[in-house]
Amino acid sequence: MFDPHDLQLPVVQAPLAGGPGTPELAAAVAGVGGLGFLAAGYRSAGEVEAQIRETRSRTTGPFGVNVFVPRPIPDPAGAARYRAELAAEAERYGVPLPDQDPADTDDWDTKLRLLADDPVPVVSFTFGPPPAPAVAALRAAGTCVVATVTTTDEAREAAALGVHALCVQGPEAGGHRGTFDPAADPDPTPLAALLPAVRAVTELPLIAAGGLTTGRDVAAALAAGAVAAQAGTAYLRTPEAGTSAPYRAALADPAFDATVVTRAFTGRPARGLRNRFIDAHHATAPAAYPLLHQLTRPLRAAAAVAGDPHGLSLWAGAGHRHATAAPAADVTRRLAAG
């Protein structure tokens, strides 16, 4: 079974759901001794299976698959109000708003069967505690199970389920915060303080995540008790990433100089580059994931086609200015160099 202590380089590539995460990226990171990741989020089980197969064809190194845990929708009525608000956005981009599906579980059951029947070295979970039967099935398949946590209480809950390791995610992280309670405001404790706090309540191996884009960041996380550091934003501009052209350009554009945490695109708190869409809708976006994700998906797709970064969810961490267009292997080595 994979053990995060055994990594040649103590670097984990974040899954980067929504397009940037690719088999090419995961294989490039795994190929130099890090841990690559595929994102199962927003993909069907068939798509995940195909990406696993392609990654295996590219590397014999370790890689994992990240799965979103379905959770109750705190404010479904708010999503209906938000739909009316987005009518002007739909008109702007010339696309209809889709029907919403409150029963959407992101193909959860089928993905779990796939990962139990055709195991990968690591499976991580985000957005909630993985159900105990899922943890047991993956453990029986020889998979290392990782839970993403953002507080000490979440760490205790996840550890009690029998996971092998915890990904400790601080508020500096780009993209979605992995809070268990979808209605809660994310805990603001900085990663530098959160890591030792979690270490005090569990002996499980810890993977640090949250704004880690330089070798100095990684060295500090390891010194604070992590066995590895997870980086996502650092890989967004690499040639292996599936990041769209307007997204890449925004990451390098001095005009996009601030990141903010918002529910505006998906209904869950996520950190990204501040743009027009966030300014227009941040204050009114309800806690209604995945309904808001469903509503804004065609808007974001149309904005990408139009080359308009102000209609995109430009997920990025606090250290996004350090992201470069270097190959993923070079980025991994640089992060590990300290």
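Val260 stands opposite Gly272 in β11. Strand β10 pairs with β11 (residues 270-273) in the antiparallel sense over four bridges; two strands count as paired if DSSP finds at least two bridges between them. Helices (H or I, at least four residues) and strands (E, at least two) are DSSP runs, numbered from the N terminus. The model is a predicted one, in which local features need pLDDT of at least 70, side-chain atom pairs count only at pLDDT 80 or more, and totals for chains, interfaces and linings use all residues. Residues are numbered from 1 along each chain as its sequence is written, and side-chain values use heavy atoms, with hydrogens and water left out.

The open sheet has three strands in the order β7-β11-β10, with antiparallel pairing. Because β7 (175-176) and β10 (259-262) each have a single partner strand, they stand at the edges, and one side of each is left without a neighbour in the sheet.

## Helix α1

Helix α1 (residues 23-31) is largely enclosed by the rest of the structure, because seven of its nine residues are buried. Buried means under 20% relative accessible area, exposed over 50%, and partly exposed in between (1.4 Å probe, protein chains only). The buried residues of α1 are Pro23, Leu25, Ala26, Ala27, Ala28, Val29 and Ala30, and they pack against β1 (11-13), β2 (36-39), α2 (45-58) and α13 (328-336). After α1 comes Gly33, with a positive phi near 105 degrees.

## Nonpolar cores

A nonpolar core is a set of buried Ala, Val, Leu, Ile, Met, Phe, Trp, Tyr and Cys residues joined through side-chain atoms within 4.5 Å. The largest one holds 83 residues, of which Ile52, Val65, Phe125, Leu166, Val168 and Tyr235 touch the most other members. Helix α12 supplies the largest share of this core, six residues. Apart from it lies another core of 14 residues, including Phe2, Leu35, Ala165 and Ala228.

Contact means heavy atoms within 4.5 Å. Not counting residues up to four places away in sequence, the contacts of Tyr235 include Leu25 and Val29 as well as Leu335. Leu335 lies in helix α13 and counts as buried, at 0% relative accessibility. With residues up to four places away in sequence again not counted, Leu335 touches Val11, Ala231 and Ala234, among others. Leu335 and Ala231 are 104 residues apart in sequence, and their C-alpha atoms are 8.6 Å apart in space.

## The second largest pocket

On a 1 Å grid over the protein atoms alone, a cavity is a set of points where a 1.4 Å probe fits but cannot get out, whereas a pocket is an open set with protein on both sides within 12 Å along at least five of seven lines; lining residues have an atom within 4 Å of a point. The second largest pocket is lined by 20 residues, and Asp104, Thr105, Asp106, Tyr289 and Pro290 lie nearest its centre. Three lining residues, the largest share, come from helix α12 (residues 291-306).

Tyr289 and Pro290 are joined by a cis peptide bond, with omega about 5 degrees; Pro290 is in the loop between α11 (276-281) and α12. Asp106 is in the loop between α4 (87-93) and α5 (108-117). Although not a glycine, Asp106 has a positive phi of about 60 degrees, and its relative accessible area of 17% makes it buried. Asp107, in the loop between α4 and α5, has a positive phi of about 60 degrees and counts as partly exposed at 30% relative accessibility.
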